[in-house]
Amino acid sequence: MSWNLPGESRYGIHSIDHFALEVPSLAQARHFFEAFGLDVSEEGAGLALRAHAGPHVWARLYQGPKKRLAYLSLSCYGDEYEALCAQALAAGARAAPRGTPHVRGEGRWFLDPDGNLVQLKAGPKMTPGAMVHGAVRQAGPNERGMCNRSAVPRVRPRRLSHVLLFTPDIDRALGFWSDAFGLRLSDRGGDAVAFMHGRHGSDHHLVAFAASSAPGWHHSAWDVDGIDEVGRGGEQMREAGYAEGWGTGHHVLGSNFFHYVRDPWGSFAEYSADIDYIPMGAKWPAGSHPAEDSLYQWGPPVPEYFIRNVEAG
């Protein structure tokens, strides 16, 4: 099936199947992501992360000398797989060399212009088929609208929403990911950040890029049920010992409520709710917005360390 617009690549992925990170301590990783509300299990040589909504593995974590993206796994429809592989190579993707760590038999493995390892495979669509609004608690007359603090349930994300990578060349990254994997530009925040969505119906962004002097991993974002869970997630992590981060606030580009929690390696996991949704066949009015006017509408000031790429040395 083809949902291309005039002048763009013919085929496109529909989902991020999962991401994989190398981290210095799997024990720290287990503690952080279990506190975050994900199900963590030992599988093979590392850890697998699942959300409470189903058995799908959204992330894998492996032991490594420092935090870095091990690979990003993308999924497409089976009848587009071979054409997408050819499209990626024609757009400048390099086949991963023999012996590249983490490469296994399933799908095809490529390197993007920043050297990120990318897996392309046929698989089920994991992005939502329609916009899902978060719950809003509204008490009636003579009814208490809030439970006691001790009765608050744990926040448990429903799914992965998107990932954000640092890149030394945003324009090159946008061109490659559009031409190779069929993603579309959603919006830009000047020269600081850019967001891309999938043509088969997806959140406002599946993959985003932030400017830096080097490639790197910034954050993964996890969908939760409304702004109350976003705020409670931040409090849940503070009580678990992870007080640094940014939030709670309301983004402009993507429109989602957010709370970012800083992990032990200087990157972030984000609680996200009510992100904009771009249906299949729709043409989003992409624009470039001043960074100072488009990052967030309300919330606390951005901490200096939020935009620091610790992988840049």
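## Terms and model

Strands here are DSSP runs of E with at least two residues, numbered from the N terminus. The model is predicted.

## Backbone exceptions

D274 sits in the loop between β17 and β18 (277-278). Its phi is positive, about 60°, although D274 is not a glycine.

H102, also not a glycine, has a positive phi of about 80°. The loop between β6 (94-95) and β7 (108-111) holds H102. With a relative accessible area of 22%, H102 is partly exposed. A cis peptide bond, with omega near 0°, leads from G247 to T248, and T248 belongs to strand β15 (residues 245-251).

## The sheet

Ten strands form an open sheet with mixed pairing, in the order β19-β10-β11-β13-β9-β14-β17-β16-β15-β20. The edges are β19 (287-289) and β20 (296-298); each has a single partner strand, so one side of each is left without a neighbour in the sheet. From one strand to the next, the twist averages 30°.

Helix α1 (residues 26-36) packs on this sheet and touches β14 (216-223), β16 and β17 (268-273). The direction of α1 makes about 10° with that of β17. Elsewhere, β10 (residues 184-189) and β11 (residues 193-197) run antiparallel and are joined by five bridges. D187 has F195 in β11 as its bridge partner.

## R262

R262 is located in strand β16 (residues 257-262). The relative accessibility of R262 is 15%, so this residue counts as buried, the cut-off being under 20%. Leaving aside residues up to four places away in sequence, R262 touches F32, Y242, E244, G245, S267, F268, Y305 and R308.

Definitions and conventions
Residues are numbered from 1 along each chain as its sequence is written. This is a predicted model: local features need pLDDT of at least 70, side-chain atom pairs count only at pLDDT 80 or more; totals for chains, interfaces and linings use all residues. Side-chain values use heavy atoms; hydrogens and water are left out. Helices (H or I, at least four residues) and strands (E, at least two) are DSSP runs, numbered from the N terminus. Buried means under 20% relative accessible area, exposed over 50%, partly exposed in between (1.4 Å probe, protein chains only). Contact means heavy atoms within 4.5 Å. Two strands pair if DSSP finds at least two bridges between them. Axes are lines fitted to C-alpha atoms, for helices over the stretch in contact, and angles run from 0 to 180 degrees between N-to-C directions.
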